[in-house]
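Trainee: Could we go through this structure together, one question at a time?

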Amino acid sequence: MRRKLIAGNWKMNTTISEAVNLAADIKKIFGSRVIKSEILVCPPFTNLYSVSEVLAGSVIKLGAQNCDFHISGAFTGEISINMIKSAGCTYVIIGHSERRTLYGETDEMVNLKVKAALEGGITPIICIGETLDERNAGNTFSVLERQISKAYSGIETDNLNKLVIAYEPVWAIGTGISATTAQAGEAHLRIRQYLRDNYGESASDIRILYGGSMNEKNSSELLTLPDVDGGLIGGASLKPELFAAIIEASENLSDL
Ligand code: PEP
């Protein structure tokens, strides 16, 4: 049984006080409820520790949006797994399309970051997804398979089910145009099949999130799909009532 994960990616939004208020608002709604889904918020680095203090004792987990793969040292401007762990994180988003496109993050770097996260006991959420050009050229699945195989390279079998994948079609991120249920369903099914074919039955336990303009209106339909195990949510995660509505949709569909 895969527990649904509803994760908010706050991106480069919120000052410390805004982040503390946003976290407190979400905590007010869900903090002490017995909940079937897992809830995660991923604020910017500077706000992690303050948000961890707000969330202490609640069911809401904390994640970072990126990390470096080195342990420590002369890497000006970078943040290590140990640092985010010491700020209270248990998850880290790796290889978000914005990092791949805007900051030149390669499949090889994603793989090193995944290894560093696992080594440090942090759960990586590995983002994969095709651009519109790649989709139009009929290359969606070859792109997804390449991204998975590179991200998974050299990972021990025992660690495979600790990885979370987020399927985020690049054309759907921040555009208000979500994948249709048919498109998301097809992609998630293919990803699951690829994982099973290449990594064996433990692939059945890997959670595959959908990301890309998920909101309070489309979340029920998307989360109903058999291989959609949660959502990675950008814009809608900045509004507590919208994020809460997505969590409620997940709760209504979870039978744990
Ligand atoms: C994201 O940033 O991962 C994302 C899916 O953003 P949005 O929900 O705004 O499309």
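**An exposed loop residue and the ligand site**

Mentor: Glu201 is exposed, at a relative accessible area of 57%, where exposed means over 50%, buried under 20% and partly exposed in between (1.4 Å probe, protein chains only). This is a predicted model, in which local features need pLDDT of at least 70 and side-chain atom pairs count only at pLDDT 80 or more, while totals for chains, interfaces and linings use all residues. Residues are numbered from 1 along each chain as its sequence is written, and side-chain values use heavy atoms, with hydrogens and water left out.

Trainee: Which residue's side chain is joined to that of Glu201 by a polar contact?

Mentor: Glu201 lies in the loop between helix 8 (181-199) and strand 7 (207-211), helices (H or I, at least four residues) and strands (E, at least two) being DSSP runs numbered from the N terminus. A polar contact is a pair of N or O atoms within 3.5 Å; within protein, one must be able to donate a hydrogen and the other to accept it, and residues adjacent in sequence count only if both atoms are side-chain atoms. At 2.8 Å, the side-chain partner of Glu201 is Ser204.

Trainee: How far from an oxygen atom of the ligand is an N or O atom in the side chain of Glu168?

Mentor: A polar side-chain atom of His96 lies 2.9 Å from a ligand oxygen atom, and a polar backbone atom of Gly235 is likewise 2.9 Å from an oxygen atom of the ligand. For the side chain of Glu168, the distance from its N or O atom to a ligand oxygen atom is 2.6 Å.
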